Amino acid sequence: MELELYGVDDKFYSKLDQEDALLGSYPVDDGCRIHVSQISSLATGLVSAMMSHWGKTMAGNKNSHSGVCACVCV
């Protein structure tokens, strides 16, 4: 599975290819999206579960910013 970070204007920012790096170590801003490619059916379920968990976590965090995360799977 390959992850790529794109900005609001759909400009390519970076590949998310360091397995031990936290998302905050990449140039992530409000409105950025993560593009997921070369994904297997097993990984599709994992990404879906991750996004569901992230949404629930952000909904329960009243101190978080109002940024939106989008995950696009192809």
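Me: Which residues are linked in a network of salt bridges?
Reply: E2, E4 and K15. Keep in mind that this is a predicted model.

Me: How far apart are the closest N and O atoms of K15 and E2?
Reply: They are 3.4 Å apart, and the two side chains form a salt bridge. K15 is in strand 2 and E2 is in strand 1, so this pair ties together parts that are 13 residues apart in sequence.

Me: And E4 with K15, what's the distance there?
Reply: The closest N and O atoms are 3.9 Å apart. The cut-off for a salt bridge is 4 Å, and E4 and K15 form one. E4 belongs to strand 1 and K15 to strand 2, so here the parts tied together are 11 residues apart in sequence.

Me: Is E4 buried or exposed?
Reply: Buried, at 13% relative accessibility. The cut-off for buried is under 20%. E2 comes out as partly exposed at 28%. K15 is also in the partly exposed class, at 38%.

Me: How many salt bridges does the count come to?
Reply: Three. One of them brings together the side chains of D10 and R33, at 3.2 Å from N to O. That pair links distant parts of the chain. D10 sits in the loop between strand 1 and strand 2, R33 sits in strand 3, and they are 23 residues apart.

Me: Switching to the strands. How do strand 1 and strand 2 run, antiparallel or parallel?
Reply: Antiparallel, with three bridges joining them. Strand 2 covers residues 12-15. L5 stands opposite S14 in that strand.

Me: And what does strand 1 do with strand 3?
Reply: They pair too, in the antiparallel sense, over five bridges. Strand 1 is residues 2-6 and strand 3 is residues 33-37. Y6 stands opposite R33.

Me: R33 again. Where does it lie relative to the ring of Y6?
Reply: Over the face, at 4.4 Å from the ring centre.

Me: How many aromatic pairs does the structure hold?
Reply: One. Y6 and F12 make it, in an edge-to-face arrangement. Their centres are 5.5 Å apart and the planes are at 70°. Edge-to-face needs an angle over 60 degrees.

Me: Last topic. How much helix and strand is there over residues 1-37?
Reply: The chain is 0% helix and 38% strand over that stretch. The end C-alpha atoms are 6 Å apart.

Me: What does UniProt list for residues 1-37?
Reply: The record gives "domain: Ubiquitin-like", from an unreviewed entry. Such annotations may be inferred rather than shown by experiment.

Conventions:
Residues are numbered from 1 along each chain as its sequence is written. This is a predicted model: local features need pLDDT of at least 70, side-chain atom pairs count only at pLDDT 80 or more; totals for chains, interfaces and linings use all residues. Side-chain values use heavy atoms; hydrogens and water are left out. Two strands pair if DSSP finds at least two bridges between them. Helices (H or I, at least four residues) and strands (E, at least two) are DSSP runs, numbered from the N terminus. Rings of Phe, Tyr and Trp (its six-membered ring) pair if their centres lie within 6.5 Å; planes under 30 degrees apart count as stacked, over 60 as edge-to-face and the rest as tilted. A charge sits over a ring if NZ of Lys or CZ of Arg is within 6 Å of the ring centre and within 35 degrees of the ring normal. Buried means under 20% relative accessible area, exposed over 50%, partly exposed in between (1.4 Å probe, protein chains only).
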